[in-house]
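Colleague: I have a model open on my screen and would like to learn how to read it. Could you walk me through some features, starting with strand pairing?

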Amino acid sequence: MDTELIDEKLREIEGQMPPLLIDKLREKLIGCKNLNEVKARIAWALRSYKNSRITPGEAVGTLAAQSIGEPGTQMTMRTFHYAGVAEVAVPQGLPRLIEVLDAKREPDTPVMRIPLEKEKVKTREDAEQIAKKLREVVISDVSKLKNNLSEMSVDITEIEPQYMDDIEKSLKKFGNYKRYKDGFRVLSTKRSIADLAKIRKKVGKNKLAGIKGIRRVMIKEEEGCFVIYTEGSNLRETYRVKGVDRNQIYTNNIQEIYEFMGIEAAREAIVREAKQVLDEQNLTVDIRHLMLVADMMTLTGEISAIGRHGISGSKTSVIAKAAFEETTKHLINASIRGEEDHLTGVAESIIVGKPPPIGTGIVKLGMRLTQPAAKEKKKSKARTGGVADGKAASLETKKAKANEEEAESRGKQETPKQKKTSKN
Amino acid sequence: MIAKKEIRKLKFRVFSPERIRQVAVCTVEVPDTYNEDGLPIKNGLMDLRMGVIDPGLRCKTCGGKIKECKGHFGKIELIRPVVHVEYAKKVYQVLAMTCRKCGRVLLSDEEISQYREKVEQMGFVYGPIVEREAFQKARAKRVCPHCGERQGEIKWEKPYFYLEDRRRLWPTEIRNRFELILNSDLFLMGMDPESARPEWFILQVLPVAPVTVRPSITLETGDRSEDDLTHKLGDIVRINQRLYENIEGGAPQLSIEDTWDLLQYHVATYFDNEITGIPPARHRSGRPLKTLTQRLKGKEGRFRHNLSGKRVNFSARTPISPDPNLSLNEVGVPYDIAEELTVPERVEQFNKEKLIKLIKNNPRYPCAKYVLKGEGKRIRVMEENKEVVAEGLQERDIVERQLMDGDYVIFNRQPSLHRMSMMGHRAKILPYKTFRINTTVTTPYNADFDGDEMNLHVPQNPEAAAEVEELMDAKNSLISLRYGGPIIGGKHDHVSGMFLLTQDDVELSKEEAEILLGFAKLEKYAHRLDWKKESFSGKEIFSILLPPDFSFSYKNKLRKYLDTIPETDKELRKRIERQMLVKIENGKLLSGVIDAEGVGGVLLHRIIAKYGNLVGKEFIDSVARLGATAITFFGFTYSIADSDLPQEALVEIEKNLQESINEVSRLIEKFTKGELEPIPGKTTEESLEDYVLQILGKSRDKSGEIAGRYLGLENHAVVMARSGARGSMLNLTQMCGSVGQQAVRGERIKRGFIDRTTSHFKKGELTPESRGFVTSSFKKGLSPTEYFFHAMGGREGLVDTAIRTARSGYLQRRLINALQDLIVANDYTVRDSGGVIVQFMYGEDGVDVSKTYNGEVPLFEEEISEGKTIEKYKQEEFDDEVGMIDYEEFDE
């Protein structure tokens with residue numbers, strides 16, 4: 001079928017269907033034989049889309065929460081090893097899901113996947129060169145550190161020879177050191193054993209080469225491309241390394257993605273990480289639920305956790321916060337600030353005994369009571385009069401009347417229109 | 001609905017001393033409760049002016065009887081002021097921020113006005129930031145910018161002591177300072193002067209909770225046991241009294257201060273008895289007292305237990321049991337329960353006669369128990385007065401009748417993790433004492449019949465009943481909104497039954513077919529069979545359940561099995577392939593076998609999508625009945641003998657295992673020699689473990705394969721595994737092949753003794769059998785060491801489950817709390833209760849997952865059902881429901 005004709009027809013339904021679906025439909029329509037078929041198929045697809053739309057009022061938040069929470073009981077807790085494959089053990093299942101939703105600063109095991117540029121990196125040696133640049137080398141990796149109590153110093157011995165100069169350079173900031181032919185001696189200024197331990201720790205952690213935080217690197221060949229897997233993550237630094245395919249680099253540290261690439265990227269990462277965890281457990285959860293959670297977590301422009309330090313803690317309603325966690329803290333703070341609770345949420349509504357504004361609860365229906373029967377009038381008045389005074393009652397009926405009239409006039413306008421369009 | 005009052009908002013503020021005195025109806029001065037006559041003592045802890053808890057007495061403030069009077073606050077005038085613990089932190093902040101002499105905030109006027117501007121512009125954003133900044137700045141000032149006074153260093157010694165330059169600041173002094181603070185400075189400390197003045201954080205007068213809040217209980221012995229709060233208040237009154245006497249009696253300053261601190265302690269623990277740093281106040285028995293904070297906090301606290309959790313009437317609970325004769329949206333309710341539960345029904349013209357009949361039927365089962373007259377009178381219908389009540393029945397009266405067949409009820413099983421954990425069912429009143437449900441709805445409830453109990457709720461007005469029917473009905477929950485696939489559907493025996501019935505060679509005689517359909521109660525579909533024929537194939541019988549114009553083809557679960565058959569076995573592959581490709585045309589099953597994918601998977605999904613929930617429900621119901629009947633028809637059993645393997649199979653398995661064990665020992669040898677090539681990024685030890693696990697895993701799979709081959713396709717366990725009814729080939733492998741490697745923490749078992757797992761092995765031994773590899777099968781039986789390793793693995797599983805439920809339960813609670821306010825607005829945006837937009841289009845396309853195919857919107861008709869040729873579009877008419885097809889163009 002002529003693609004132009006298809007495009008023309010599809011343009012007619014623009015706005016009635018999400019662009020993504022229209023694109024999908026376009027692809028499928030190419031196989032059509034004639035224009036009638038195209039039209040018919042578009043009509044069918046549009047109807048199918050309309051039939052599958054969500055109902056306004058649907059408690060999608062609760063649905064998403066349940067859809068993610070319910071399979072939680074079926075997940076494993078264990079850290080999973082891929083038997084035989086040289087990959088890092090990453091926490092899977094429930095612990096990882098909790099980690100993602102908690103918006104932890106750093107995951108338990110941060111890992112990166114760094115594909116290398118296909119054109120530039122052709123041999124394993126090239127890849128190894130890059131991997132070398134990535135891996136962080138610290139003093140304790142290439143030497144032995146010992147406390148020397150007689151001298152009150154930390155001795156660095158058994159140094160791999162090529163690092164001697166590097167070590168000396170990095171020791172400069174400690175000032176008080178001596179170089180020997182096969183080692184160094186860092187002296188304690190405070191001359192206390194506690195200080196020695198501190199110095200030893202500090203010296204040991206001193207970076208000599210590579211990128212901070214990246215502890216292990218592994219090279220794998222995937223589809224003719226070299227990919228480096230790392231344990232430890234540092235997106236910002238890795239991004240600068242030459243030979244790295246910047247468009248495909250990935251880390252499981254969501255906070256890092258947020259800081260380096262912004263909130264939209266972080267939102268994608270949350271969806272992706274959560275989806276991956278669930279997929280690996282063979283649990284199917286629709287992406288829409290995950291997107292809603294991710295959107296909620298990134299709503300403020302920063303990543304906020306699911307829980308008392310994040311979304312639940314920053315709610316506007318005092319009662320909702322108090323009913324969740326840290327009850328007294330929220331009540332006391334509210335009293336100091338003189339806060340007001342307008343009781344618009346679900347938790348508050350339930351507590352004060354109102355129908356919550358969710359689902360059928362959002363529908364307000366005004367109805368005019370039937371006029372003729374005099375008895376009825378009295379009754380309705382008596383009923384409302386019990387609580388609200390007569391004025392309010394009559395006001396209510398007036399409002400209801402107005403509503404109905406409006407609805408009627410709208411209805412009248414709409415019906416002929418509909419007929420017209422259909423007769424066309 | 002009847003007009004009603006609604007709480008529009010709640011405002012929180014601090015109780016000021018003036019308000020406390022104003023509200024208080026009495027001053028508590030006597031630390032006792034009742035006199036010898038058992039009457040509350042005047043000015044005592046249970047003063048009658050603070051409300052009543054004894055029947056017969058009247059409140060002296062409002063004159064109400066018990067339950068009528070909600071209670072009134074009293075007060076205790078504290079001789080010396082004390083700090084309110086809950087505000088102790090704020091007291092510290094205010095102390096540190098203000099001048100000791102003039103009471104101004106230790107910030108210059110410019111600074112203050114700068115902050116004020118910020119807060120006035122965007123208080124909700126800058127408020128907390130400004131407060132933090134102002135606190136840091138003001139605290140650091142050593143000299144007051146307003147009066148030039150030197151400021152001492154304020155230290156807060158938790159929980160309620162304050163020091164200035166190491167000198168104790170007593171509450172009286174703090175109070176005096178606080179009184180000087182200007183209202184206009186308070187915003188810097190996050191305070192609203194209308195709601196909270198800092199001096200109110202120091203208590204001069206203590207509000208006494210109404211008696212009704214702390215009722216005493218009378219024990220069987222006639223003794224009274226007072227509430228914890230009353231005990232605490234008694235302590236406070238007593239110490240307050242002693243402090244008064246000390247001061248009046250001119251006691252030494254030190255002893256006065258001690259008593260004052262004691263008063264502080266008691267008032268503090270009255271508010272919170274779990275303050276870190278001070279011992280909790282205890283009851284005589286040694287149990288810590290439950291004071292105000294403890295009443296509110298936590299799962300059993302007021303908020304979560306009483307306010308968020310509501311209790312209901314018109315509900316029932318009893319064990320459940322299965323009943324295949326019920327439809328999936330029915331529930332069998334025992335007579336005993338139906339007699340107790342009532343449904344209000346308004347008398348109208350159309351039902352008056354019916355209701356009169358029900359009234360007159362008293363006291364036998366379907367009867368009306370109460371009649372509510374318009375004036376709010378409630379008449380209990382009894383045998384004696386039933387005629388009179390029936391006579392006087394008027395329209396608009398409300399009759400409460402017993403639960404009857406067809407009433408919509410809500411059925412629920414805990415834990416309610418799902419929306420599908422509470423679904424609408426139609427009641428069916430049955431004998432015996434259990435609730436009965438169709439086995440197909442056990443999945444969404446996650447129920448089984450090993451003693452599970454479930455709850456039932458009866459909606460009490462037509463609006464609620466309509467919502468149950470339309471929104472909650474089980475037949476409208478066939479498709480899960482978690483993943484967009486069927487969640488209710490045939491399973492277990494239904495699958496096995498259909499699998500057996502729809503095999504290629506099944507041939508039933510006319511009589512057999514009659515019997516089968518009769519038992520399955522499928523008479524209404526019987527006309528779809530051509531009864532002139534002498535015999536029917538199983539596929540023909542299944543076909544009567546399909547809608548006559550339904551066409552569809554798909555691959556069933558055997559596709560997974562096909563991959564395991566070697567290419568060389570061409571005959572078997574061909575056979576399986578034939579069974580795998582299911583082809584349905586115009587409501588006839590032409591080829592292929594119906595398995596789990598059919599009665600609970602793709603096929604079911606397509607039927608529901610094309611014909612709606614009602615047809616879907618019918619299909620599930622009838623498939624379940626036909627499947628269950630078919631399985632009894634063919635007979636389906638399993639015994640230990642069914643997993644018997646011939647001698648040569650056992651030998652083969654044994655050989656296979658031995659081979660891999662040998663292979664492992666070769667590896668170990670290599671390892672000990674240091675020749676083992678490590679996996680990049682891993683140590684040699686880790687690499688060895690990886691290799692070993694790989695070899696042993698393969699070896700177990702191989703023995704399973706051997707076992708499966710000898711068991712044959714007709715073996716009932718194999719049938720179940722392959723049709724997806726229950727169990728897996730892995731289960732079978734473990735039963736008759738070998739159990740395989742046991743793991744703890746995802747590794748081979750290595751813990752126990754020093755350098756070895758148990759004393760049966762040598763130190764440092766790395767062999768499979770010493771590290772938890774179980775070569776035996778369950779049928780053969782495990783050796784003692786194997787048994788022990790298996791128990792270790794099993795124990796880990798149990799611990800894991802226990803921890804997991806707790807963790808995931810909390811995760812779910814957090815998720816729900818974070819997301820519960822989100823709804824789809826009328827413009828398809830997702831908003832929270834304040835109207836904040838979270839998504840501009842729900843899920844980016846505004847689609848309901850439960851109306852999709854695994855998350856996808858079907859765009860082509862063929863995606864729902866295949867078979868219709870594209871040519872048909874030439875003639876076929878389209879209804880103009882869509883409203884956008886141009887019919888003139890259509891004719892070209």
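Modeller: Gladly. Strand β12 (residues 368–372) of chain B and β14(B) run antiparallel and are joined by four bridges. Strands here are DSSP runs of E with at least two residues, helices are runs of H or I with at least four, and both are numbered from the N terminus. Two strands pair if DSSP finds at least two bridges between them. One place to look is Leu372(B), which stands opposite Ile398(B) in β14(B).

Colleague: Before we go on, what kind of model is this, and how are things numbered?

Modeller: This is a predicted model, in which local features need pLDDT of at least 70 and side-chain atom pairs count only at pLDDT 80 or more, while totals for chains, interfaces and linings use all residues. Residues are numbered from 1 along each chain as its sequence is written, and chains are lettered from A and ligands numbered from 1 in the order in which they are written.

Colleague: Which strands make up the sheet that holds β14(B), and in what order?

Modeller: As a general idea, strands of a sheet pair through backbone hydrogen bonds, either parallel or antiparallel. Here four strands of chain B form an open sheet in the order β11-β14-β12-β13, with antiparallel pairing. Its edge strands, β11 (342–346) and β13 (378–380) of chain B, each pair on one side only. From one strand to the next, the twist averages 25°; axes are lines fitted to C-alpha atoms, for helices over the stretch in contact, and angles run from 0 to 180 degrees between N-to-C directions. Strand β14 (residues 398–402) of chain B is also joined to β11(B) by five bridges, again antiparallel. In that pairing, Thr342(B) stands opposite Gln402(B) and Val343(B) opposite Arg401(B).

Colleague: Which strands pair between chain A and chain B?

Modeller: Strand β11 (residues 340–341) of chain A and strand β1 (residues 10–11) of chain B run antiparallel, joined by two bridges. The bridge partner of Glu340(A) is Lys11(B). Stepping back to the whole interface, 111 residues of chain A are in contact with 100 residues of chain B. Two residues are in contact if their C-beta atoms, placed from the backbone, lie within 7 Å. Helix α3 (residues 35–51) of chain A gives the most to chain A's side, with 13 residues.

Colleague: How do I tell whether a residue is buried or exposed?

Modeller: Count other C-beta atoms within 10 Å of the residue's own, with C-beta atoms placed from the backbone: 20 or more is buried, 12 or fewer is exposed, and in between is partly exposed. Buried residues make up 35% of the 424 residues in chain A. In helix α13 (residues 287–297) of chain A, ten of the eleven residues are buried, including Arg288(A) and Asp295(A). The buried residues of α13(A) pack against α4 (60–69) and α12 (263–280) of chain A, together with α25 (784–819), β29 (830–831) and β30 (837–839) of chain B.

Colleague: Why does Pro210(B) count as buried?

Modeller: Pro210(B) is buried because 22 other C-beta atoms lie within 10 Å. This residue lies in the loop between β6 (202–208) and β7 (217–218) of chain B. Leaving aside neighbours within four places in sequence, the contacts of Pro210(B) include Met50(B), Gly71(B) and Phe73(B). Pro210(B) and Met46(B) are 164 residues apart in sequence, yet 8.5 Å apart in space, C-alpha to C-alpha.

Colleague: Finally, what confidence does the predictor give?

Modeller: The complex has an ipTM of 0.89 and a pTM of 0.87. For each residue there is pLDDT, the predictor's confidence from 0 to 100; chain B has a mean of 88, and 96% of its residues reach 70 or more. Among the elements of chain B, strand β18 (residues 453–457) has the highest mean pLDDT (97) and helix α26 (residues 887–890) the lowest (34). Over residues 866–892 of chain B the pLDDT is below 50. Where pLDDT is low, the predicted coordinates should not be read in detail.
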